[in-house]
Amino acid sequence: MKKIISVVSAMAILLCMFTACNGNGNTDKTNSPSGNNQTVKEIRYLNFKPEIAEAYDEIAAEYKKETGINLIVETAASGTYESTLTARMATSEAPTIFQVNGPIGYTSWAEYCADLTDTELYKHLTDKTLAVTSNGRVYGIPYVVEGYGIIYNKKILDNYFALPEKATEYNSADEITSFNALKAVVEDMQKNKDKLGIQGVFAATSLKTGEDWRWQTHLMNIPLSIEFRDKGIDFTGEGYKTIDFNYSDNFKNIFDLYINNSTTDKKQLGTLDVTSSMAEFALGKCAMVQNGNWGASQILGVSGNKVSAEDIKFMPIYMGIPGEENTGICIGTENFFCINEKASDAEKKAAEDFLYWLFSSEKGKKLVTEKLGFISPFDTFSQDESPDDPLAREIVKWMNKDNITNIPWNFTVFPSVHYKDKYGAALLKYAQGSITWDDVKKVAVEEWKREFGA
Amino acid sequence: MYKTLKKYFPVFVIPTLAAFAISFAVPFVMGVYLSFTEFKIVSESNWVGLANYIRIFTTDETFLYSLWLTVKFTVVSVITVNIIAFSIALLLTKGLKGTNIFRTVFFVPNLIGGIVLGHIWSLIINGVLGYFGVDITYNPDYGFWGLVVLMNWQLIGYMMIIYIAGIQNIPDNLNEAAAIDGASHFQTLIHVTVPMVMPSVTICTFLTLTNSFKLFDQNLALNGKAPESSLLALDIYKTFYDHTGLKLAQWHGMGQAKAVVFFLLVALIAYVQLRATRQKEVEH
């Protein structure tokens, strides 16, 4: 009995310790805004993109030189942003600037996102609809425009068009403007793969869990974006919380084309990752791969790379949706700056100033285009201030094409990683032949509903 | 002496006590508390009572599945690891040639970290399955048995060492007495060796049981996040981190509740198991 009492009291003491810590933490937070007049010495930023972590060191050094403020950039390892953010937010050194990945990501962190409607940076945003808003106020500002489509190797395609045994009537990649054309060319190329010196037309459809985002997120975006457009859903209401997946057959069209005309047998896709797919493209083992402009470095940076920069081009992902000859590649963003609402006013101001400096001053803009390699969505940048990599140039080209509507990135409203994993797993099973396409469609629609709790 | 001890006891006790409190007791109590709340970050939470516990047993679709999978996995690996480890230990105490080399070889896998092991085995298993045109994700059973093989490979060496120590501790006169009484090898094994190594059996089953039940990194590295091959620890991790959006706080709470149930199960199983085997031990 005595033992039990002592255990219980020990527990009680510990609980008090914990709640006491908790209480202290809160008073710290409420006290800090009162120190408004204090000069801010540091801004903390939690960076999402590991590939450009080093560029931020340079930016921090430059900003320190200009203003004397320390910019402390911490980078979350690939795929761990949410968990790192969860952990850091609970500390007294919570990031002043962090990022969310769209409207759904915003709801996770809503009470930590400061109102950015009156910031200079937002005023310079070219396309105001890109921002994350709630009740008419702005909480997340996009800072980079990215795009994805089918990346193709122009040299291999030209070799194909020059083949004497070619069975299609097309003579240039620009003539492919529909799914039927793409299918005809791809299937004929697959037949002639030995003459073209490739192992398959498409790089492996990587379907390992966590490496399947090119299909369960990016490819899925296209039929759903068109569906949302058809239904007139604008993401301010509740409309996006259920889907019908009306264009599932179109998704199947292109997915079948990918897995049947690839370097890898469709039963062996479950353990492959994106890096190996990109390497296949870089080494000239395939002619096409679906990915975005961030993949340029993965192509040009691979040792033994056989693709030269001028041969890397984008083609829209055609899947047989009506009107697709006028649709372009998918252009949008899933990177939105947020400023921590719980920081002091002075810190918030300092964070706003830093962001505006980065995207408007001459030095800042140079760092953004050259070091970060961003295509920036702000009017402070002129046409020629865009990064110098082949896919970024392709995106600018597609953005400026007449009569072409590019597809927005609506996968920012996809419910969760859990949903994507489930759907990805279903796609894998379909590729392996253990479930039918109807089952895949059912997973896509029902899991969506379940995750939103609708 | 006693007086000095009394005088200086805080010097000896406080560092350890502080370390224990900071790194175990406080997080543990916090964790239990958080399982009754919904929270986004640990310092701000809303009390919701038992709601999380109700959710994980009713609406959550993965918890019971991975619990059952974990139980199956634990049963299979406890049996296979211990039987194989004990057999190897018997062989390697017979004074065969090269005994030391074999002991080393069997022990080495235990020195490799879980993530590395998982990746090595994923290469091996997919390499073999590749001949049949499939991979480990093709059938959930492949993932399950792959994990069993991996677990055996890693733990057998360690358990073997414990069994060898146990077998070497058996006094020679017991074996001699058995031989004089005309016992066969099998009878000696069942009636002398096994009862005498019961303390080793206790510790080995305890170690394999908890290790298999808590398996995480090997599972992550070998099976990725494939939903059908996720054991309990990985499921908790996924519950906590793979959900975003409006219900984030709820998923965090549910992850925490799963972790508490997980702890209770591990504690309970270990306790029962420890008591059950203790009673079979022979004093000598």
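This is a predicted model: local features need pLDDT of at least 70, side-chain atom pairs count only at pLDDT 80 or more; totals for chains, interfaces and linings use all residues.
1. Chain B as a whole. The secondary structure of chain B amounts to 12 helices and two strands, and along the sequence these elements come in the order α-β-β-α-α-α-α-α-α-α-α-α-α-α. Taken along the principal axes, the box filled by the C-alpha atoms of chain B is roughly 75 × 75 × 30 Å. Chain B has 284 residues, of which 35% are buried.

2. The contact between the chains. Chain A contributes 34 residues to the contact and chain B contributes 28 residues. On the side of chain A that touches chain B, the elements giving two or more residues are α1 (2-31), α3 (81-89), α4 (103-109) and α16 (417-432) of chain A. Sorted by class, that side of chain A holds 12 nonpolar, 16 polar and six charged residues.

3. A helix pair in chain B. Helix α3 (residues 63-91) of chain B packs with helix α6 (residues 140-168) of chain B at an angle of about 40 degrees, and their axes are 7 Å apart. That angle makes α3(B) oblique to α6(B), and the crossing of the two helices is right-handed. The residues of α3(B) that take part include B:Phe73, B:Val76, B:Ile84, B:Phe86 and B:Leu90, while those of α6(B) include B:Phe144, B:Leu147, B:Met151, B:Tyr163 and B:Ile167. The contact of α3(B) with α6(B) is made up of 20 nonpolar, four polar and no charged residues.

4. A helix pair in chain A. Helix α13 (residues 345-360) of chain A and helix α14 (residues 362-372) of chain A have axes that come within 5 Å and cross at roughly 75 degrees, and α13(A) and α14(A) are therefore roughly perpendicular to each other. From α13(A), the residues A:Trp357, A:Leu358, A:Phe359 and A:Ser360 meet A:Gly364, A:Lys365 and A:Val368 of α14(A). By class, the residues of this contact are four nonpolar, two polar and one charged.

5. Helix α10 of chain A. This helix (residues 248-260) has 13 residues, and the distance from its first C-alpha to its last is 18 Å, close to the 18 Å expected at 1.5 Å a residue. Its buried residues are A:Ser248, A:Phe251, A:Ile254, A:Phe255, A:Leu257, A:Tyr258 and A:Ile259. These buried residues of α10(A) pack against α7 (179-191), β7 (200-202), α9 (213-231), α16 and α17 (437-452) of chain A; of these, α16 is also listed among the elements on the side of chain A that touches chain B.

6. Positive phi values in chain A. Two residues deserve a check of the backbone. A:Asn135, in the loop between β4 (132-134) and β5 (137-142) of chain A, has a phi near 50 degrees, which is a positive value in a residue other than glycine. A:Asn135 is exposed, with 6 other C-beta atoms within 10 Å. A:Phe245, in the loop between α9 and α10 of chain A, likewise has a positive phi, near 55 degrees, and is a residue other than glycine. A:Phe245 is partly exposed, with 18 other C-beta atoms within 10 Å.7. Two residues of chain A and their surroundings. A:Ile312 lies in strand β9 (residues 312-315) of chain A and is buried, with 24 other C-beta atoms within 10 Å. Leaving out residues up to four places away in sequence, A:Ile312 touches A:Ile151, A:Ala296, A:Ile299, A:Val307, A:Pro390 and A:Leu391. The C-alpha atoms of A:Ile312 and A:Ile198, which are 114 residues apart along the chain, are separated by 16 Å. A:Ser276, in helix α11 (residues 274-282) of chain A, is partly exposed, with 16 other C-beta atoms within 10 Å. Apart from neighbours within four places in sequence, A:Ser276 is in contact with A:Ala204 and A:Ser206. The C-alpha atoms of A:Ser276 and A:Ala204, 72 residues apart along the chain, are separated by 8.0 Å.

Key. Residues are numbered from 1 along each chain as its sequence is written. Chains are lettered from A and ligands numbered from 1 in the order in which they are written. Two residues are in contact if their C-beta atoms, placed from the backbone, lie within 7 Å. Helices (H or I, at least four residues) and strands (E, at least two) are DSSP runs, numbered from the N terminus. Ala, Val, Leu, Ile, Met, Phe, Trp, Tyr, Cys and Pro count as nonpolar, Asp, Glu, Lys and Arg as charged, and the others, Gly among them, as polar. The expected span of a helix is 1.5 Å times one less than its number of residues. A residue is buried if 20 or more other C-beta atoms lie within 10 Å of its own, exposed if 12 or fewer, and partly exposed in between; C-beta atoms are placed from the backbone. Axes are lines fitted to C-alpha atoms, for helices over the stretch in contact, and angles run from 0 to 180 degrees between N-to-C directions. Angles under 35 degrees count as roughly parallel, over 145 as roughly antiparallel, 65 to 115 as roughly perpendicular and the rest as oblique. A crossing is left-handed if the near helix is turned anticlockwise from the far one by less than a right angle, and right-handed if clockwise.
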